[in-house]
Amino acid sequence: MSKVLVVTSGKGGVGKTTTAAALSAALAGEGKKVAVVDFDVGLRNLDLIMGAERRVVFDLIDVINGDAKLSQALIKDKRIETLSLLPASQTRDKDALTEDGVNGVIEELKKSFDWIVCDSPAGIERGATLAMRHADVALVVTNPEISSVRDSDRIIGLLDSKTLKAETGGDIEKHLLLTRYDTRRASRGEMLKVEDVLDILSIPLLGVVPESEDVLKASNVGSPVTVSNPQSAAGMAYITAAKRLEGADLPLTAPTSRFGFLKFFGRRAAA
């Protein structure tokens, strides 16, 4: 049975698109059939991070408008056979997204893929609400700073009210991914500690991704860090997060490039 995962955040610049690409590649690396959909209409960065920008012919809006078939718009990754990308349009605005159109695309993707990963634009506007509309699972991406955490709290409220699951009396499975974490700065009080963020947001922690140059390098060469450098601290964090999404009960750690692993005992992803 396929699952729809939305990668979302209230604040921009937290690493949401990087996370969508890295997690999608990690899930596909586990043998799952994965489609990652870029909902950031008008900007379109996911294809750059995945190294597919020169292969875009049709996009999500073309499929919604009936100008292309889904099979024509999907771009198969050249490195991982089970990974595909549905890019956003760079020339339309978010008003081109319609609820019926998104529903049709998601339902068609469910016929062929184990995971549909929706890369949401930041904020609470139309593109973001439609990206989360059909989600079974939500990954809330935040940085360890108070403004990012506060905006994430607003997103959690929307997940509990604006998704189809919420409207039909169900509960959407929510997880937290903390990105750009620096254990030294946190210990000096220069950023929030993991425990502080968990106390504020009160959703299960899926993983902690350290501040890392490897993520930036991976984006610049058009390859998810889980593909270009899977043994890096950031790559390992994303790979273990993907395993937890698949149900693995793994200890939660904060990998760092210099100081090994910090363990968070008793913190587990939701079953």
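UniProt positions are given in the numbering used here, feature names are shortened, and annotations may be inferred rather than shown by experiment. The model is predicted: local features need pLDDT of at least 70, side-chain atom pairs count only at pLDDT 80 or more, and totals for chains, interfaces and linings use all residues. Residues are numbered from 1 along each chain as its sequence is written, and side-chain values use heavy atoms, leaving out hydrogens and water.

View 1. An unreviewed UniProt entry places the feature "binding site" at Lys11, Gly12, Gly13, Val14, Gly15, Lys16, Thr17 and Thr18. From this set, Lys11, Gly12, Gly13, Val14, Gly15, Lys16, Thr17 and Thr18 belong to the lining of the largest pocket. On a 1 Å grid over the protein atoms alone, a pocket is an open set of points where a 1.4 Å probe fits, with protein on both sides within 12 Å along at least five of seven lines; lining residues have an atom within 4 Å of a point.

**View 2. Gly13 in its loop.** Gly13 sits in the loop between strand 1 (3-8) and helix 1 (16-29). Helices (H or I, at least four residues) and strands (E, at least two) are DSSP runs, numbered from the N terminus. Gly13 counts as exposed because its relative accessibility is 63%; the cut-offs are under 20% relative accessible area for buried, over 50% for exposed and in between for partly exposed (1.4 Å probe, protein chains only). Beyond neighbours within four places in sequence, Gly13 is in contact (heavy atoms within 4.5 Å) with Asn143 and Arg180.

**View 3. Thr18 in helix 1.** Thr18 lies in helix 1. With a relative accessible area of 15%, Thr18 is buried. Its contacts, leaving aside neighbours within four places in sequence, are Ile49, Val215, Ser219 and Tyr238.

**View 4. Pro121 and its surroundings.** Pro121 is in the loop between strand 5 (115-119) and helix 6 (126-132). The residue is buried, at 3% relative accessible area. Contacts of Pro121, neighbours within four places in sequence aside, include Ser9, Lys16, Asp40 and Lys94. Ala131 is 10 residues from Pro121 along the chain, and their C-alpha atoms are separated by 8.1 Å.

**View 5. The largest nonpolar core.** A nonpolar core is a set of buried Ala, Val, Leu, Ile, Met, Phe, Trp, Tyr and Cys residues joined through side-chain atoms within 4.5 Å. Among the 49 residues of the largest one, Leu86, Leu97 and Leu109 touch the most other members. Helix 7 (residues 146-159) gives the most to this core, with five residues.
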